[in-house]
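This report describes a pocket and a sheet. Please look at the sequence and structure shown here before reading on.

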Amino acid sequence: MKRIKSYLILVISFLALAGTLEGCGGSGGESEFRKESEDIVYESENCISETGSVEGETEGISMETAAIETKEESPETESTASETESILNQQMYKDYAELLEKYQSVYEQVKSSGVPEEIPEDMNLEFYLAVSYQEAEFSGFHLYDLNADGIPELFIGMHSGEDASELFIYDVYTWKDGGSVRLMDDIGYRAGTCIICEGGIIKDLSSGSAVDSMEDYHRLPEYSAELEIVESISMHGNIETGEIYFYHDRDGNEENKISEEMYYEISGNYHEIEGIPFYESIPENIEAMRTGSLQFL
């Protein structure tokens, strides 16, 4: 706009100078010339102003159109993501329900026929052995989100009777990339179990003999399907002398020997979460699992 106006002023000045040189000395002619020149400038400025206004309105319309398109696309994108998540959750709960049915079937088989000679690789031998001397009629399970990523882990085990307030856990699963993933093998070796602790920690208790016991502490990283070992402690004894030694590992390496006080201090740093609801694997609860209607912490 400034360039156009400057150009007009330059033209007008040139015309005025030309008029002066020609000697048009009448004041009326000069005034008329100036008036015409001012009219040209005024009309030019109006033209420029109107053009700028039109451009501004066009730009405003474009911005409004873009905003409308963004608003229209955003809910659709969110809706698609929500539908996808819902489908994945439905599949996860169906997979978990199938696992519960499998364990309950094994439970009933062991109760009626005893422990089979061959145990499937995807099953825990300790679960079979525990079933053989438990009085309960059903296996049981927890749903608990270990790493707060919105995906509950499935803890399968059993309780010791009608009045039992805790679940002895023998298998743990998470769900990743469209399928259930087993997190731990051989939980509860020699009458052990695993315990859910604060901070998303699984405390795995096991025993190698009457004088050997181990505690392994695991953590599940967010959106992961593989446990990380946090630390281990163990007790190893000498049957002949009756002496017991404590270690900051599970194997009893001499360089990791610690005092008894240190052993129990480490163990005491991990606090069991109490009050996690457990469910019996009765048909009603399995169906509730399948539909995703069970609550979890």
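## Terms and basis

In sorting residues by class, Ala, Val, Leu, Ile, Met, Phe, Trp, Tyr, Cys and Pro count as nonpolar, Asp, Glu, Lys and Arg as charged, and the others, Gly among them, as polar. The model is predicted: local features need pLDDT of at least 70, side-chain atom pairs count only at pLDDT 80 or more, and totals for chains, interfaces and linings use all residues. Residues are numbered from 1 along each chain as its sequence is written, and side-chain values use heavy atoms, without hydrogens and water.

## The second largest pocket

A pocket is an open set of points on a 1 Å grid over the protein atoms alone, where a 1.4 Å probe fits, with protein on both sides within 12 Å along at least five of seven lines; lining residues have an atom within 4 Å of a point. The lining of the second largest pocket has nine nonpolar, four polar and three charged residues. His142, Glu166, Leu167, Glu272 and Ile273 lie nearest its centre.

Strands are DSSP runs (E, at least two residues), numbered from the N terminus. β5 (193-197) and β3 (168-176) each supply at least two lining residues, and the largest share, four residues, comes from β5.

## Threonine 193 and the sheet

Threonine 193 lies in β5 and is buried (under 20% relative accessible area), at 11%. A polar atom of its side chain lies 3.0 Å from the backbone nitrogen of isoleucine 169.

Isoleucine 169, in β3, stands opposite glycine 157. β2 (residues 153-158) and β3 pair in the antiparallel sense over five bridges; pairing requires at least two DSSP bridges. The open sheet of five strands runs β4-β3-β2-β1-β11, with β4 (179-182) and β11 (279-280) as edge strands.

Methods
Buried < 20%, exposed > 50% of the residue type's maximum accessible area, 1.4 Å probe, protein only. Polar contact = N/O pair within 3.5 Å; in protein donor to acceptor, adjacent residues only side chain to side chain.
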